[in-house]
Amino acid sequence: MPTFFILLCCIFSAATVQAAQTCKTDSIPASTPNSQLVDNGDGTVTDSKTGLMWKQCLEGISGTLCENNTLKKFTWEEALQRSGIANADNGFAGYTDWRLPNIRELRSLVEEQCSNPAINLDRFPNTPSLDSWSGSLFAHPSYPDSAWIVNFSKGNSSIKGRETTFVVRLVRSDQ
Amino acid sequence: MKKKCFTALTLASLLVVGSGFFRSAYSYKLLFMMPPILAGEQQGTGNVIDWLPLNDTGITWGGEYPTGNNSGCTGVAIDAQDCSSGRDATHNNDSDGDAGFSYTKLDSKGDPLSDQSVTYASTPWACVQDNVTGLIWEVKTDDGGLHDKDDTFTWYNTNPATNGDANGTENEGTNCFGYDNNTAATSATYCNTQAYMNRVNKAGWCGASDWRMPTIKELESLVHYGRTFPAIESNYFPNPVNTVNWSVWSGSPSAGSESTAWYVLFSNGFSDTQSSTENATIHLVRYRQ
């Protein structure tokens, strides 16, 4: 995996899509190694640790390296509605139960040995170091306009206003 | 070796049963995947489990756009909101923990309390088993002893395979049980994460001596996102430290910078990184045998 990451970093920096990812492959155990994330070959990735199936590309982009079309950003309401769009017309990859991940599911995607972005770029190529929406609300009554996000630059979780626009990656429970 | 064997089994089950892979893999894991955890092992070494079912979040209500939360699971595009799926919706039984959480109280020997409905004040328990993730957690005490809730530690790990290229901070905190800074021979008493883990394993706790620092994702599995101040199931994890600013260390170092590591702020459920010099509390973990 280290070689692959280096290769990917080269490709992406050449394409000026994003700054280079850095990974501490020798001093931090991988939390989402390729052996755990199964590439299903149909634009989906199955996490054998959690039992979740993820769309390989963020909403808006497509292709085997998620290199086609344009990345989209959504308000929290639009992010919620996005799953309905993905599930229409026979859905995606034959599944019609895609949904916005909850905060714990979204955090489970974070690769702890990498940053900028903190994700396995082999399985989730062309992922930018951006905030990504979850479908989880923030519980404290002083923040009735907030919901949870994961910042994939570092991998931390936080809350943001629902009118802010962020990227979206859809998930489904693989029963 | 056991891990490789298991991976082979997983792949085999994938090939054989196709879409039924997870149920099969889960059975295999129950049967074969009980990873041995070595006593005295340094934090974060190769004992991280391969199968970690996620807890649900604890969020049982919906919200509106652009603002407003409801008391029940209603709101904008409600089918796509958190409250509509997961254990909070399918296994919402408060008798074993709020909403979809399922915990078992364990006594000082590690055995389940015969009466799970007791309060901590009447019958204090020593550990809690999470029945969803399979993790067993240290419960803090309020007795001024080794496990006291108010003790804090700096982050320290001398294992180069797991420390993110920096050992962290060995001896800058003084706020823990038994601390002795008088001679160089007392480093075992220091208030850092590694020394504390070793002390607990030397003494034993809940019948076990294979306690370790949790990874950040394991630690986050305790977050109850449906609550704040504190964001944890306090009916099972009593003795919150300081509900306004309660940070708990994980054993996971930060990939982005050296001498920093991940913690969970159990005041509100945030996870982030901070300098190893910071003082924070600890919930040690082990995997159910």
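**The disulfides and their surroundings**

Modeller: Happy to! Let me start with one cysteine: A:Cys114 has a relative accessibility of 1% and so counts as buried (under 20% relative accessible area; exposed is over 50% and partly exposed in between, with a 1.4 Å probe and protein chains only). This is a predicted model, in which local features need pLDDT of at least 70 and side-chain atom pairs pLDDT 80 or more, while totals for chains, interfaces and linings use all residues. Residues are numbered from 1 along each chain as written, chains are lettered from A and ligands numbered from 1 in written order, and side-chain values use heavy atoms, without hydrogens or water.

The partner of A:Cys114 is A:Cys23, in a disulfide with an S to S distance of 2.1 Å (a disulfide is a pair of cysteine sulfur atoms within 2.5 Å). The link is right-handed, with 105° about the S-S bond. A:Cys23 belongs to strand β1 (residues 22-23) and A:Cys114 to strand β7 (residues 114-115) of chain A, so the bond ties together parts 91 residues apart in sequence (strands are DSSP runs of E, at least two residues; helices are runs of H or I, at least four; both are numbered from the N terminus).

B:Cys73 is partly exposed at 33%, whereas B:Cys83 is buried at 5%.

B:Cys127 and B:Cys206 have their sulfur atoms 2.0 Å apart, and the torsion of about 110° makes this disulfide right-handed. Since B:Cys127 lies in strand β2 and B:Cys206 in the loop between α4 (193-203) and α5 (216-220), the bond ties parts 79 residues apart. Both ends are buried, B:Cys127 at 0% and B:Cys206 at 6%.

That leads us to the sheet holding β2: four strands, open and antiparallel, in the order β1-β2-β3-β7 of chain B (strands pair if DSSP finds at least two bridges between them). Strand β2 (residues 127-130) is joined to β3 (residues 135-138) by 3 bridges, and B:Val128 has B:Trp137 as its bridge partner.
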